[in-house]
Amino acid sequence: MITFIVRRLLLTIPTLLVISLVIFLLLELAPGDPMAQVPLTVPPEVKEKMREALGLGQPVHVRYVKWLYQFFVVEPSLMIDWLTRDSFLLGWMPDTSLYNGDLRVISWQTRSPVMDIVVQRLPQTLWVVGMGYLFGVLIALPIGIYSAYRQYSIFDQVGTFVSMVGFSVPTFFTGVLLIVIFSVELGWFPSIYDTTLKVNSFESFLMQVRQMAMPVTVLALYNAAQISRFMRSSMLDNLNQDYVRTARAKGLSEKVVVLIHVLRNSMIPVVTVIALGVPQVFGGAIITEQVFKVNGLGQLLIGAIEANDLPMVQTLTFIFALLIVMFNLIADVLYGIIDPRIRYD
Amino acid sequence: MTDASSAPRNQWLDVWLQFKSHKGALVGGIVFALIVLTVFVGPWIWTIDPTHVEIRARNKPPSLSYPFGTDQLGRDMLARMMAGGRVSISVGLTAMALAITLGSSVGLLAGYFKRLDWPLMRLTEVFQSLPLLPLLLVMVTLFREPLAGAFGPEKGTFILIVGAIGVTSWMATARIVRGSVLALKEREFVLAARSIGTSDHKMILRHILPNVVSPIMVSATLGIAAAIITESALSFLGLGFPPDFPTWGRLLYDAVDYMQQYPSRVMWPGIAISLTVLSVNYLGDGLRDALDPRIRGR
Amino acid sequence: MKLKTLMLGAVAAAAMAPAAFAERGSDGHVNVIYWQAPSILNPYLSGGTKDLDASALVIEPLGRYDQDGTMIPYLAETIPTLDNGGVSADLKTITWKLKSGLLWSDGSPVTSADVVFTGEYCMHPEGGCAQLAKFEGVEKIEAVDDLTIKVSFKEAKPNPYGPFMGAQAPIIQKAQFAECLGAKAPECTTANFGPIGTGAFRVTDFRPNDVISYEANPNYRDASKPAFATMTLKGGGDATAAARSVMETGEFDLAWNLQLAPDVLANMAKGGKGEARSGFGSLVERIMVNMTNADPSLPEGERSTAKHPHPFLSDANVRKAMSMAIDRPLLVEIGYGQAGRPTCDLVPAPAIYISGRTECMTQDIAGANKILDDAGYARGSDGIRSTKEGVRMKVLYQTSTNAVRQDFQALIKQWWEEIGIEVELRNISASVFFGGDPGSPDTFQKFYADVQMYANNFDGTDPEAYMAAQTCDKAPRPESQWQGENISRICIPEYDAKVAELGKTGDLAQRAELVKELNNMVTNDSHMIIPLVDRGRVTGVSNTLGGYILNTWDSELWNAADWYRIK
């Protein structure tokens with residue numbers, strides 16, 4: 001297993017390089033212009049000068065190599081400097097000063113380093129989208145298991161109905177519906193998320209919970225709907241297998257049979273689905289963030305795409321790609337743990 | 001089952017009998033057929049043009065002359081729902097079928113053939129990583145005019161949309177199917193089949209595929225809902241059908257602003273999408289049960 | 001010595017205290033929401049309105065336009081004019097004088113060197129300054145003394161109020177930006193995110209594309225202002241949500257640019273927490289008619305260029321009929337309500353420039369049909385007309401994606417089909433449509449359609465540059481990388497001559513006459529541009545926010561110093 005992981009990790013490097021190039025070329029090819037949001041009152045000659053100042057005049061390969069250098073050399077060196085200087089964990093180490101003042105990846109919209117904004121956005125993304133996902137998974141698994149165990153019972157029927165409706169009705173609708181009910185009519189929760197809120201007392205914690213309640217609910221329902229369907233179908237596949245009959249015949253308790261034997265064998269598709277979803281947590285939930293004004297990474301990406309802020313889009317997309325590759329690897333490793341018969345070499 | 005003992009029976013007849021006895025599947029099937037019938041045949045009975053603007057009849061509540069009411073320009077909602085349903089259902093089913101076929105094929109091949117696993121999964125990762133919006137914009141810039149030239153504007157747009165949704169949504173299915181195949185491959189019955197010299201081709205189609213049908217079915221049901229919503233997102237980018245062309249996703253989105261004043265306007269498309277997905281889900285459930293030999297005949 | 005200064009300071013502070021503490025900061029916190037989030041607080045690096053407005057709280061120009069478009073001095077003592085001698089008789093120089101005793105928010109004095117530096121910063125050849133047009137024709141900017149600045153132009157400048165006037169050209173601090181000239185501009189993140197200014201507020205926390213926190217500027221020139229101690233400017237979401245947060249939930253005090261359907265706004269106003277206010281500027285929603293042929297069968301590089309005139313839209317009769325078929329008051333009622341007025345003009349304001357023509361206000365389908373019949377466009381069996389050469393009259397009508405615009409498309413399509421012109425609709429994502437990517441077929445400059453609809457306006461109160469956009473040489477074409485402002489590809493030599501004349505005329509009354517003539521030449525007399533709606537700006541204002549005055553000629557947050565809480 002260890003050799004498998006090491007080999008796969010090494011092989012991800014060329015994969016990631018190819019991905020970064022494909023993304024770069026795709027963005028290059030996509031129609032769009034960073035000047036799209038500049039008012040029409042600004043004359044074309046001025047816009048042309050602004051484009052030049054962004055470095056758009058340079059040939060594609062020069063810009064790609066520049067980005068590679070900035071992302072793989074400049075940004076990591078800054079990161080290491082920070083780790084050895086200010087971080088709690090490694091602050092005791094001697095200060096490295098790797099960063100030599102080279103230009104970092106600069107966003108065209110804000111003219112500031114992209115990574116700083118990404119770091120700024122992480123907390124709200126992880127709090128809201130991450131919690132939404134975590135709750136979604138936590139709800140989905142028991143519902144899926146019980147629905148399958150009692151197939152076609154009232155519980156299963158209601159669960160199916162709710163999850164299908166939950167998945168069919170998009171979050172731009174459920175989000176606004178919740179706002180109209182709970183913010184406008186009842187006044188329980190704020191409709192706009194305050195990203196500057198610092199949690200340092202019980203009151204501010206309560207405030208944080210209140211402002212997270214609606215977006216987390218919307219996301220949890222949506223995620224739960226999807227994952228519970230896979231859990232249910234996978235459990236159903238296994239509940240009728242011969243080994244279940246054998247286990248029951250051996251006199252194992254129902255609990256052990258269902259929750260240990262069947263569940264373990266049913267986890268492969270579910271693990272895949274869950275692992276596929278984690279990078280999307282970091283990618284943010286574009287619509288939900290937009291509806292509740294959470295302004296996390298999803299909002300950052302969509303804003304950058306609308307403004308054709310290529311360095312920002314490239315960097316964000318690549319970070320997501322990195323996570324996708326990593327979590328696919330994690331899923332593969334988990335397959336081997338769940339079912340030791342699965343071998344890759 | 002009744003007289004199961006006599007002559008060797010047709011397998012598909014068995015499947016059909018099982019399917020028929022599945023209450024959920026039957027109801028799902030009937031509802032789905034009704035929806036399809038309404039949206040495809042309905043426009044011949046209810047002949048109002050869905051894009052006709054009737055200025056004096058703006059924002060009318062449901063009534064005899066407008067059973068579903070009218071929108072902010074006085075367009076008849078029933079006509080729009082039917083016209084929209086035709087597009088949404090066709091796009092939803094076709095795009096889902098494309099994505100599922102692509103995804104299952106890639107997943108089966110990658111899971112079954114060790115040599116193909118690495119390249120196919122890396123390809124999947126590349127597709128997973130591509131940012132959706134720029135990808136769609138590029139596809140439209142490159143293919144809109146050639147497709148419109150080859151198939152006419154409407155068919156061209158349809159092919160473009162289905163292609164765009166299909167090509168950008170097969171990856172999850174591929175990963176799920178591959179994971180299941182990896183586990184299945186090591187099961188005893190596969191080893192047994194292999195030991196009697198079953199060919200790879202037969203092995204995949206007769207032994208592996210039937211055992212990964214259920215996750216595929218789930219992906220398919222969820223895929224329809226996702227495709228209907230994605231289609232509406234495309235028309236916002238100006239990548240889909242012309243703006244006066246209604247689809248369920250678009251009707252739902254347009255109505256969200258009017259949720260408080262005219263709640264019925266959000267409900268129609270919301271119910272239509274949910275009902276379609278629910279009925280397909282039950283159909284899928286019935287089909288899965290019917291295809292499972294362990295359940296069938298019990 | 002030390003003790004003495006301390007004591008003096010304390011006494012001074014005590015003496016100042018009652019006045020200062022009674023007013024500044026006494027009203028607590030104010031919340032503003034922009035559904036587009038500000039990205040940067042340096043207006044010279046971004047032309048976006050959201051960025052301009054967010055920075056207007058902090059940095060100020062020498063003079064601003066008020067809600068009537070009148071110039072009022074901000075950092076300047078007075079507005080220089082010909083009458084007070086501030087503008088030279090040959091119209092080649094303008095001399096500004098700063099108010100004395102002005103301080104930056106860091107406590108240092110504002111001097112003419114800062115103003116001169118601001119000009120240098122924007123006019124740097126490598127800077128890519130977004131407001132360069134404001135400095136067009138400037139020969140040099142010099143400091144006469146500590147408080148006096150003289151701007152000289154290369155040629156006589158009838159409107160010398162480009163530099164340092166209005167929201168687009170505020171004064172930045174030399175000390176802060178000295179190292180940020182030209183190509184170095186993007187490296188000055190701290191300065192770009194937190195400029196030191198003279199405005200009522202200063203930045204305490206800037207989160208790009210998310211939220212900005214401000215606090216009252218302790219060195220603001222009016223010791224009793226601003227009434228609010230702190231301000232939050234939240235960005236993101238959509239107009240509906242922004243309106244809801246002010247008018248229904250009351251979480252915010254001010255919501256910017258609520259371009260929503262009138263009945264949605266009216267329903268929200270029932271929430272009773274706030275109201276929608278509107279004001280009119282120079283923004284006109286219009287249909288641009290393509291004078292050239294955009295047929296996809298033409299070779300690339302010749303589509304939508306002067307090489308191929310449009311087969312039927314080049315006929316004034318057809319354009320006139322299309323304009324007559326439109327019911328503008330109805331469009332306003334459906335799409336804009338109180339935030340729109342029907343208009344026949346490209347220049348709807350200021351008052352002296354309004355042509356006063358109103359014949360387009362009433363819809364006349366029968367009249368339009370008659371014009372087309374008389375001009376020889378016969379209807380085919382399906383009711384669609386064709387030209388004498390047999391070209392079917394079908395137009396592709398494109399615009400950006402936006403709920404109101406799509407409603408307009410549907411309405412106008414129906415009217416045009418009633419006069420026998422077939423219409424195909426297309427909507428394009430705003431980021432592509434308004435972007436100038438020469439590789440995309442869908443930009444408004446390329447205009448690969450027959451008609452297209454969008455809105456445009458002009459900065460400040462002088463429409464000269466706006467009118468000059470319609471000259472022949474400004475048509476987008478492949479040789480100019482499809483850049484250019486003459487979107488309709490209008491080419492009237494007489495028009496070009498009048499534009500040149502306008503550039504030399506200094507007398508305001510004469511200028512107004514010329515602008516009216518130019519306006520009618522492209523709109524009411526030839527319908528190459530079909531104006532639809534004079535679009536106002538709509539702002540949601542909380543019932544508890546006092547002192548807010550909606551201004552369409554300058555930054556929307558121009559008078560934040562005067563805001564207060566109604567108790």
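This is a predicted model: local features need pLDDT of at least 70, side-chain atom pairs count only at pLDDT 80 or more; totals for chains, interfaces and linings use all residues.
**Ground rules**

I number residues from 1 along each chain as its sequence is written, and chains are lettered from A, with ligands numbered from 1, in the order in which they are written. Local features need pLDDT of at least 70, side-chain atom pairs count only at pLDDT 80 or more, totals for chains, interfaces and linings use all residues, and side-chain values use heavy atoms, with hydrogens and water left out.

**Entry 1: chain A against chain B**

I began with contact, meaning heavy atoms within 4.5 Å. I found 59 residues of chain A in contact with 57 residues of chain B. Next I looked up buried area, the accessible area (1.4 Å probe) that two parts lose on being put together, summed over both. Chain A and chain B bury about 5300 Å² between them. Carbon and sulfur atoms account for 67% of that. On the chain A side, Leu26(A), Phe172(A) and Arg341(A) supply 11% of the buried area, more than any other three residues.

I then counted salt bridges (a side-chain nitrogen of Lys or Arg within 4 Å of a carboxyl oxygen of Asp or Glu). There are 4 between chain A and chain B. I looked at one of them, where the side chains of Asp332(A) and Arg175(B) meet at 3.3 Å, N to O. Polar contacts came next. Such a contact is a pair of N or O atoms within 3.5 Å; within protein, one must be able to donate a hydrogen and the other to accept it, and residues adjacent in sequence count only if both atoms are side-chain atoms. I noted 9 residue pairs in polar contact across this interface, both at pLDDT 80 or more.

Which helix of chain A gives the largest share of the side that touches chain B? I use helices (H or I, at least four residues) and strands (E, at least two) as DSSP runs, numbered from the N terminus. Several helices of chain A each supply at least two residues of this side, among them helix 1 (2–29), helix 7 (202–239) and helix 12 (310–338). Helix 1 of chain A gives the largest share, 9 residues. I sorted this side by class: 37 nonpolar, 13 polar and 9 charged residues. Ala, Val, Leu, Ile, Met, Phe, Trp, Tyr, Cys and Pro count as nonpolar, Asp, Glu, Lys and Arg as charged, and the others, Gly among them, as polar.

**Entry 2: chain B against chain C**

I moved on to chain B, where 27 residues are in contact with 30 residues of chain C. The buried area is about 2300 Å², and carbon and sulfur atoms give 48% of it. Arg144(B), Pro243(B) and Asp257(B) supply 22% of what chain B buries here, more than any other three residues.

Arg144(B) turned up again. Its side chain meets that of Asp442(C) in a salt bridge at 2.9 Å, N to O. Helix 5 (132–151) and helix 10 (213–236) of chain B each supply at least two residues of the touching side. Helix 5 of chain B gives the largest share, 4 residues. By class, this side of chain B has 11 nonpolar, 9 polar and 7 charged residues.

**Entry 3: two domains in chain C**

I took domain bounds from an automatic or database domain assignment. For chain C, domain 1 is 29–273 + 543–565 and domain 2 is 280–536. Their C-alpha centres lie 33 Å apart. I found 13 residues of domain 1 in contact with 24 residues of domain 2. The two domains bury about 1300 Å² between them, 57% of it on carbon and sulfur atoms. In domain 1, Pro158(C), Gln259(C) and Trp553(C) lose the most area, together 46% of what that side buries.

How many salt bridges are there between the two domains? I counted 0. The polar contacts come to 3 residue pairs. The domain 1 side divides into 7 nonpolar, 5 polar and 1 charged.

**Entry 4: local features**

I counted 4 disulfides over all chains, each a pair of cysteine sulfur atoms within 2.5 Å. One joins Cys122(C) to Cys129(C), S to S 2.0 Å. The torsion about its S-S bond is about -80 degrees, so this disulfide is left-handed.

I noted a cis peptide bond from Lys225(C) to Pro226(C), with omega near -5 degrees. Pro226(C) is in the loop between strand 8 (211–216) and strand 9 (230–235) of chain C. Asn257(C) is not a glycine, yet has a positive phi of about 45 degrees.
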